[in-house]
Structures are given as structure tokens and as C-alpha cells.
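Please look over the sequence and the structure shown below. The paragraphs after it go through a few parts of the model in turn.

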Amino acid sequence: MNKAFITGVTGQDGSYLLEFLLDKGYEVHAIIRRSSVFTSKRIPKKYWNHENFRSYHGDLTDSSNLHALISKIKPDEVYNLAAQSHVGVSFDVPEYTGEVDAIGTIRLLDAIRDTGVNTRFYQASTSELFGGLPGTEPQSETTPFYPKSPYGAAKLYGYWVTINYRESYNMFACNGILFNHESPRRGETFVTKKITKAVAKIFKGEQDNLQLGNIDAKRDWGYAKDYVEMMWLMLQQDKPVDLVVATGKCYTIREFTEIAFKHVGINITWKGEGENEVGVDKKDGRVLVIINPKYYRPAEVELLLGDASKAKNVLGWESKTTLDELVKIMVDYDLEHNDYGFD
Ligand code: NAP
Ligand code: G4F
């Protein structure tokens, strides 16, 4: 039986990856960081209680813990998904973000090197590495990096140490350079989930309006459930390879908002400009979207659009879910549920 070790299993991607690997017959081991509340609510009970799943307390800031677990478990595959993953928050906690996202990655790589465990390593790299170089889209594996946040800069370190350990110690280590991917399990402070949750609440009369920051940034949004399959596929290749994973289509936050409202029968029209712009219900003039500069970032990544043709050539992989389908999946979920609460 193949053994996998996951960091970040309680997150959006980790929870889908856990399901995917258990369904494939893997024995899955994962660290969970100590919290004063339960953090496992994205993991359906069927998987949380699965006989082939074991969880341990652990943290990417604790090398001795990582070293001991790698040495004891001797996994065949390691998926490093844990991170302080919020770009906006990384401006508030830059040092911690570097500690977890950058140094945490080398802690895990070095635990593998030092224990001599023969394993394959997946690093959750990101389109935020490309950041803000105008005119470079669509971004591929050869596009120059220019991170625009402490998060992007920390992930750049993680990207390069993964390559460095591959080249220096002949490790099977890969970077998945994933563009934004969303789902009903997306963290509630990321823009898509914030929008779909608010749309459902506004539709049900439980919330008055939705407050957003920069609605003209563009993102290439895929479906997280499709993307975790790519992580696994990358580790099944003969040779380690770094790959961009994206849909090849991008939309503004404004467009995402319009599509989400349309799904509950509300047509949004925009009035005003800049901080004074509002999104109004065409039918009755209700102000449903307000711009709040509190959500602006000190630096913004305006346009991310990925070119995943290498992933298609190497792995035969293509994104399956359109934006309309993704928005429908998310809004429908939020109309039915107030919380993740997966049973
Ligand atoms: P997420 O939902 O924010 O999950 C992050 C996970 O990391 C959670 O399980 C969290 O635990 C854990 N974590 C945070 N700090 C930790 C620490 N110090 N030690 C151990 N675990 C820690 O993120 P996601 O959307 O699933 O993304 C997964 C990975 O892919 C991240 O590395 C992210 O940066 C990267 N990525 C994401 C996207 C995207 O669009 N989603 C795109 C590119 C790359 P708690 O549950 O306790 O908070
Ligand atoms: O949903 P976001 O917070 O995602 P962002 O910054 O693109 O980062 C996500 O994707 C990265 C991959 O490219 C991952 F590496 C990272 O871990 C994370 O998963 O923001 C998307 C856009 C930004 O331009 C932001 O300024 O939406 C804009 N935005 C506008 N109003 C907002 C809001 N973002 C958030 N979170 N909240 C708002 O109210």
C-alpha cells in the first residue's frame, strides 16, 4: 500500500487530496496544527474516520516534529500544502508568512534529506510568483517571476529550494505552479467564497450587502477538486517536472460577482466610480455591492492568466470545469449550507 504524508490537510486542497488518495487505496498520514477549535470540518466524517488515515499534531515551524514524523512514517509521497496562504494577510504578518511558507518548506525538505527516506515531494507553488510584470500573460513555466507580496516572495523561496534539493540531492521534488482554484471548501476570506456566501445570504434576506476591494483585478479560476488530481499525477511521472496548472481563461472580480448574483436571479448594474462605485439590483435599485478600501492591498497583482500547455503535453491534463459551472457549484452549496459541516 502506498503511503502519503500531507501538510495542510485541513485546508481546501488538503481535504480534497485526502479524499482522492484514500479513494485510490493509499495510507494517508497528515499533520494538523493545534488550535483552540476543531479545524477538521472540511473533511467529511467518512474520510476523517477512514481506517487508512492517521493524523498527528505538527507544524511547519517545528523541524523536530517534521523530522520525527518523516523518519517514523517513511512516506512514498509527500505533499507540502500547508501555508499562511492569504496574500492580503501576508502584508500584516510578513515574518510569520516567511517562517511557514519559505522556511517551513526547507524544514520539510531537509527532514527528507536528513532521514534519507526515499520519497517524492510535491511543493504547492503558486501563480503569485509571477506577480505583476505587465505584458507577460499568459504565464507559463518560462515566464519571469516578480512576486508582489510577502506571500509571493516566501513562496518564491519555497519554489527555488525545491529545485535546489532536486538538483543537489537528486530528490524527486516538483513544483505545481497552480493558478487560483476554488470550491465550496474555499476559505471564507478569499474573494470567491466571500462573494458566493454573501450572494446566498442576500438572496435569503440574511445579509444586506457585500463589501469588496479591487474588483477589476483578473484571475484564472479553476475548480480545486480538478487540481488535486494534478498534484498526484505530477508525482507519478518518470522524472520530476515543474508545471503550471490553469484554465487559460481569466475574469475580473466584477464579472465573478455578476455571474454569482445572476445565479440567484439578480442582475447587477454598476454606478459611480472608484471607491464610490456600487453594484445595484437592476430590478429594484437596492445597493448590493459596496467598495470598501479596507480590502485594498499595499500592492496588487492585477492580471493572472495561465498557459498550462506543458501540463497538457506531459500529463494529458486539462481543466474540466468552466467558470459558470464553478460559480454554480459554489452558490448552490452556500444556498444549502451555513458552514462547511461536511458529513
Ligand atoms: P488553505 O485552505 O488556506 O489551507 C492551508 C492549510 O495549511 C490549512 O490546513 C492550515 O491549517 C495549514 N497551515 C497553515 N499554517 C500552518 C503551519 N504553520 N503548520 C502546519 N499547517 C499549517 O489553502 P489552500 O487553498 O488549500 O492551498 C493549499 C496550498 O496551495 C497552500 O500552500 C497555498 O499557498 C497554495 N496555493 C493555493 C492556491 C489556491 O488558489 N487555493 C493557488 C496556488 C497555491 P489550519 O486549518 O489549522 O489553518
Ligand atoms: O481571493 P484572493 O484573496 O486570492 P489571491 O490574492 O489571488 O490569492 C489566492 O490565489 C493565489 C494563486 O494565484 C494563491 F497562491 C493564494 O494562496 C490564494 O489562494 O484575491 C483575489 C483578488 C485580489 O486581486 C484581491 O485584491 O480579489 C481581490 N479582492 C477584491 N476584494 C479581494 C476582495 N480579495 C479578498 N480576499 N477579499 C476581498 O474583499
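Predicted model: local features only at pLDDT ≥ 70, side-chain atom pairs only at ≥ 80, totals over all residues.

**Strands, a cavity and a pocket**

The residues that line the second largest pocket divide into 6 nonpolar, 7 polar and 5 charged. The volume of the second largest pocket is about 310 Å³. Its lining has 18 residues, and the closest to the pocket's centre are Ala246, Thr247, Gly248, Lys249 and Ser319.

Rolling a probe the size of a water molecule over the atoms shows where empty space is left. How many cavities of 30 Å³ or more does a search of the whole structure find? The search finds 1. The largest cavity holds about 70 Å³ of space. It is lined by 11 residues, of which Lys197, Asp334, His337, Asn338 and Asp339 are the closest to its centre. Two helices, α7 (191-203) and α11 (323-336), each supply at least two residues of this lining. The largest share comes from α7, with 3 residues. By type, the lining of the largest cavity has 2 nonpolar, 2 polar and 7 charged residues.

Now turn to the strands, starting with β1, which spans residues 3-7. Is β1 largely enclosed or largely open? Of its 5 residues, 4 are buried, so β1 is largely enclosed by the rest of the structure. β1 pairs with two strands. It runs parallel to β2, and 4 bridges join the two. Within this pairing, Lys3 has Glu27 of β2 as its bridge partner, and Ala4 has Val28. To get from β1 to β2 the chain passes through helix α1 (residues 12-23), and this β-α-β crossover is right-handed. β1 is also joined by 4 bridges to strand β4 (residues 77-80), and these two run parallel. Here Phe5 stands opposite Val78 in β4.

One of the pairs here is Ile32 with its bridge partner in β3, His57.

Two cysteines can be looked at next. Cys174 has 0% relative accessibility, and because buried means under 20%, Cys174 counts as buried. Cys250 has 23% relative accessibility and therefore counts as partly exposed. A disulfide is a covalent bond between the sulfur atoms of two cysteines. How many disulfides does a search of the whole structure find? The search finds 0.

The last stop is Leu235. This residue is found in helix α8 (residues 224-235). Its relative accessibility is 0%, so Leu235 counts as buried. Leu235 and Thr142 are 93 residues apart along the chain, and their C-alpha atoms are separated by 21 Å.

Note on methods. Residues numbered from 1 in each chain as written. Chains lettered and ligands numbered in written order. Heavy atoms only, no water. 1 Å grid on protein atoms, 1.4 Å probe; cavity = no way out; pocket = protein on both sides within 12 Å on 5 of 7 lines; lining within 4 Å. Points joined across faces, edges and corners; volume = space filled by probe spheres on them. Nonpolar A, V, L, I, M, F, W, Y, C, P; charged D, E, K, R; others polar. Pairing = 2+ DSSP bridges. Right-handed = clockwise from strand over helix to strand, strands pointing away. Disulfide = S-S within 2.5 Å. Buried < 20%, exposed > 50% of the residue type's maximum accessible area, 1.4 Å probe, protein only.
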